[in-house]
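Thanks for asking me to look over this one with you. Here are my notes, point by point, to read alongside the structure.

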Amino acid sequence: MKVTVFGIGYVGLVQAAVLASVGHDVMCVDIDENKVENLKKGIIPIYEPGLTNLVTETYQNGMLKFTTNASEGVNHGQLQFIAVGTPPDEDGSADLKYVLAVASTIAEHMQTPKIIIDKSTVPVGTADKVSARIAEVLAARDSILTFDVVSNPEFLKEGAAVSDCMKPDRIVIGTDNEESREAMKQLYAPFNRNHDRIIYMDVRSAELTKYAANCMLATKISFMNEISNLAELLGADIEAVRHGIGSDSRIGYQFIYPGCGYGGSCFPKDVQALVKAAHGINYQPALLEAVESVNYRQKQKLFTNLNNHFNGNLKGKTIAVWGLSFKPQTDDMREASARVLMESLWDAGASVQAYDPEAMEECQRIYGSKADLSLMGTKESALKGADALVVCTEWSQFRAPDFDLIEQSLSTNVIVDGRNLYDPALMKKLGFSYYGIGRGDSVKTLTK
Ligand SMILES: NC(=O)c1ccc[n+]([C@@H]2O[C@H](COP(=O)([O-])OP(=O)(O)OC[C@H]3O[C@@H](n4cnc5c(N)ncnc54)[C@H](O)[C@@H]3O)[C@@H](O)[C@H]2O)c1
């Protein structure tokens, strides 16, 4: 099938390459000329396991194309995906300006009927807005071309995006239009062979499904973080509690890791956007508001632990930071806990020596050159002469480090472990002041 994808980001590029890999003829359109030129040269803008090979192969065999020419893009596909960003507006609601700009572009250039697919995460009612925008532009052109807007939210996880798109848990398709339904079924048939993964529903339910999924996952994280704070104050060990509750199949082990708060481009903005949407219809989403405020507090925790350890005197201290991305297997630093930590450290007059396996360039892009930020080539070099080590991201290479080397490299033996990678008993035995998350007697530092 001929497919056009607007927006070559984490979602659009992966989706486009995966569709091209099964034989669809896919053209990607982006307004970022640099990104498009680089992709044509084989330079992939993001780190995502398996993506480079997939993009290179499909580009070379001609099934994947890149352009900044909107007219060329619109006239390529019968199916037009909108996969542009929906960042938070100033008040936290989803900013639809990029989505609606693409809707206008499609309407300006279309010469044949189109199926427009909202892949971006968008509030309930957005398909109606996209339809209205397209109808408006077509009317201004005196055009009677037909179109339909489908909601097809994306559930991929950064860090496993290619495999998630290749083998999705479910494919949600929101439409009441029979022709669109058939086209979407045909498009996804190669990913639907093992068993039927397609769930059809109306457009508004599909839009809400995406927010409900992300808010549910964020709720699990904030719930565990809340319990971890109680565990600290009550002298319990959250890791024992985690095992204890995860063994209940109604709860399960997934997404109940305590930590230093959720980040990334989705959970924070999607929880906020649903809260805002609820306010807009005069509903107070008490649970979602709490999920967000627990997460905000949790993200301060690494700094609070350090600050308490050094009795509020972090000025002139150097802190080694392991992990900058919001989670492992990605270079994405949007809303990462490491950013909250580093910015608090800088405000307090401390310096940072940071290392991340993939996010160093992204960190450099965000913060530029700063005297109080040194991006180090290895996790070992980040330790040299530092006063403490903070683990922000659970990359596998941080899981079993050489503790002797850490001890020799740090000037004071302090480890703040935002992901509970290490055993508090071993840390104590090795002589470290160790601050995990919710590890009973090892810490008593609930953020005030
Ligand atoms: N990142 C994720 O893990 C993830 C997962 C599921 C859903 N989503 C949702 O998917 C959407 C896209 O997210 P992302 O992380 O891929 O965003 P992104 O910021 O990585 O990429 C967006 C791309 O859209 C391009 N763009 C903006 N305006 C454009 C226009 N008018 N025409 C063509 N291109 C344009 C930008 O240049 C950029 O390359 C968001 O709504 C997000 O919430 C993201």
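1. Let's begin at a strand pair. V414 has S433 in β14 as its bridge partner. Strand β13, residues 414-417, runs parallel to β14, and three bridges join the two. Please keep in mind that this is a predicted model.

2. Which strand order does the open sheet of six strands have? Reading across, it goes β11-β10-β9-β12-β13-β14, and the pairing is parallel. At the edges sit β11 (373-375) and β14 (433-435), each of which pairs on one side only. On average, neighbouring strands of this sheet are turned by 20 degrees against each other, with direction ignored.

3. A helix also packs on this sheet: α13, covering residues 301-309. Helix α13 touches β9 (318-322), β12 (388-391), β13 and β14. The direction of α13 makes about 160 degrees with that of β13.

4. Now to the helix pairs. Two packed helices are described by the angle between their axes and the distance between the axes. For α9 (residues 203-234) and α12 (residues 286-299), the axes come within 9 Å and cross at roughly 55 degrees. The two helices are therefore oblique to each other, and their crossing is left-handed. On the α9 side, the contact is made by C215, A218, T219, S222, N225, E226, S228 and N229. Helix α12 contributes L288, V291, V294, N295, R297 and Q298. Sorted by class, this contact of α9 with α12 has five nonpolar, seven polar and two charged residues.

5. Helix α12 has a further partner in α11 (residues 267-280): here the axes come within 10 Å and cross at roughly 145 degrees. The crossing of α11 past α12 is left-handed. From α11, the residues P268, V271, Q272, L274, V275 and H279 meet L288, E289 and E292 of α12. How many nonpolar, polar and charged residues does the contact of α11 with α12 have? There are five nonpolar, two polar and two charged ones.

6. Is the crossing of α14 and α15 left-handed or right-handed? It is right-handed. R339, M342, E343 and W346 of α14 make the contact with C363, I366 and Y367 of α15. By class, five of these residues are nonpolar, none is polar and two are charged.

7. Last, a word on confidence. The protein averages a pLDDT of 96, and 98% of the residues score at least 70. Over residues 443-448, however, the pLDDT is below 50. Beyond near neighbours in sequence, that stretch has 20 contacts in the model.

Technical notes. Residues are numbered from 1 along each chain as its sequence is written. This is a predicted model: local features need pLDDT of at least 70, side-chain atom pairs count only at pLDDT 80 or more; totals for chains, interfaces and linings use all residues. Side-chain values use heavy atoms; hydrogens and water are left out. Axes are lines fitted to C-alpha atoms, for helices over the stretch in contact, and angles run from 0 to 180 degrees between N-to-C directions. Helices (H or I, at least four residues) and strands (E, at least two) are DSSP runs, numbered from the N terminus. Angles under 35 degrees count as roughly parallel, over 145 as roughly antiparallel, 65 to 115 as roughly perpendicular and the rest as oblique. A crossing is left-handed if the near helix is turned anticlockwise from the far one by less than a right angle, and right-handed if clockwise. Contact means heavy atoms within 4.5 Å. Ala, Val, Leu, Ile, Met, Phe, Trp, Tyr, Cys and Pro count as nonpolar, Asp, Glu, Lys and Arg as charged, and the others, Gly among them, as polar. Two strands pair if DSSP finds at least two bridges between them. pLDDT is the predictor's confidence in each residue, from 0 to 100.
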